[in-house]
Amino acid sequence: MTRDSLRQTSITAALLAAGLTVSATASAAPQGLYSADELLDADVYTQADSERSIGEVEDVLLDDDMRLRALVIDSGSLLDLNEKQYVVEADQFKVETHHGERIEDIEYRVTLSLDAASLRDQPEYTDGWWNEARESMRSAWADTQEGAASAWETTQEGASTALDRIGQALQSAGESAQKAAE
C-alpha cells in the first residue's frame, strides 16, 4: 500500500465517521413543543370523520426517556364505546395545534389513523394493561442495554483490529519508503 493510498484511506475513514456523527445529531433535532396540560381533554377525531369527536384525551403516557408513548382516549358514551378508556400508541395519531401563539389560547386536536371500530380493538386502559405494559417496557429496556453493551464491545474490538492493521500498514509503508530512499 502506497503512502498516498494509505492517506486516502485514512481521510475516507475520517470523513465517514464525521458524516455518521453529523447525521445522528441532525436526526435528534426537536420537532416541536407541546403542553401536556393543554393536550388533556383535547377532542379526538378519526381520519374518516373529521367533524365528529369520538372522545377526548384522558391521559398522556410517557416512556422511561420521557417521550410520548401513547394517549389514553376516553370514549365517553360516543359511538357505543361504553365509556371506556383506550390506549392509542403514538404512531396511530397526530396532534394539530390551533391558536398556538399564546399559551392560554393553545388548542389541540387529535386525529386517529384508526376508525371508531378499530379504536374498540385497542387495549383498554386498566390496571392489568398498566402492569403488563410496564413490565414489557422494563424487559425491552434491559434487552436494549444488553444489546448496546454487546455492540460496544464488538465496536471496540473492530476498532482495535482496524488500528492494528493501519499501524502495520504504516510501518510497512515506512519501511518501504526507507528502503527506497537507501
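**Reading contacts, strands, cores and rings**

Reply: Let us begin with the contacts of a single residue, bearing in mind that this is a predicted model. Beyond its neighbours within four places in sequence, V44 is in contact with R52, S53, I54, G55, E56, V57, I73, V110 and L112.

Me: Which residue of β2 stands opposite V44?

Reply: Strand pairing is read from bridges. The residue opposite V44 in β2 is G55. Strand β1, residues 43–46, is joined to β2 by two bridges, and these strands run antiparallel.

Me: How many bridges join β1 to β6, and do they run parallel or antiparallel?

Reply: There are four bridges between β1 and β6, and the two strands run parallel.

Me: What should I keep in mind about side chains along a strand?

Reply: In a regular strand, side chains alternate between the two faces of the sheet.

Me: Where does the charged end of R109 sit?

Reply: The charged end of R109 lies over the ring of Y45, at 3.6 Å from the ring centre.

Me: How many residues has the largest nonpolar core, and which have the most contacts inside it?

Reply: A nonpolar core is built from buried residues whose side chains are joined by atoms within 4.5 Å. The largest one here has 17 residues, and those with the most contacts inside it are L39, V44, V57, L71, V88, V110 and L112. At least two residues of this core come from each of β2 (55–62), β3 (68–74), β4 (85–89) and β6 (107–112). The largest share, three residues, is supplied by β6. There is also a second, separate core of five residues, among them L61, A70, V72 and W129.

Me: How many aromatic pairs are there?

Reply: Ring pairs are judged by the distance between centres, within 6.5 Å, and by the angle between planes. The count comes to four aromatic pairs. The rings of Y125 and W130 have centres 6.3 Å apart and planes at 80°, so this pair is edge-to-face, the class for angles over 60 degrees. W129 and W130 form a tilted pair, with 6.5 Å from centre to centre and 55° between the planes. Through ring pairs, Y125, W129 and W130 are linked into a cluster.

Definitions and conventions. Residues are numbered from 1 along each chain as its sequence is written. This is a predicted model: local features need pLDDT of at least 70, side-chain atom pairs count only at pLDDT 80 or more; totals for chains, interfaces and linings use all residues. Side-chain values use heavy atoms; hydrogens and water are left out. Rings of Phe, Tyr and Trp (its six-membered ring) pair if their centres lie within 6.5 Å; planes under 30 degrees apart count as stacked, over 60 as edge-to-face and the rest as tilted. A charge sits over a ring if NZ of Lys or CZ of Arg is within 6 Å of the ring centre and within 35 degrees of the ring normal. Buried means under 20% relative accessible area, exposed over 50%, partly exposed in between (1.4 Å probe, protein chains only). Contact means heavy atoms within 4.5 Å. Two strands pair if DSSP finds at least two bridges between them.
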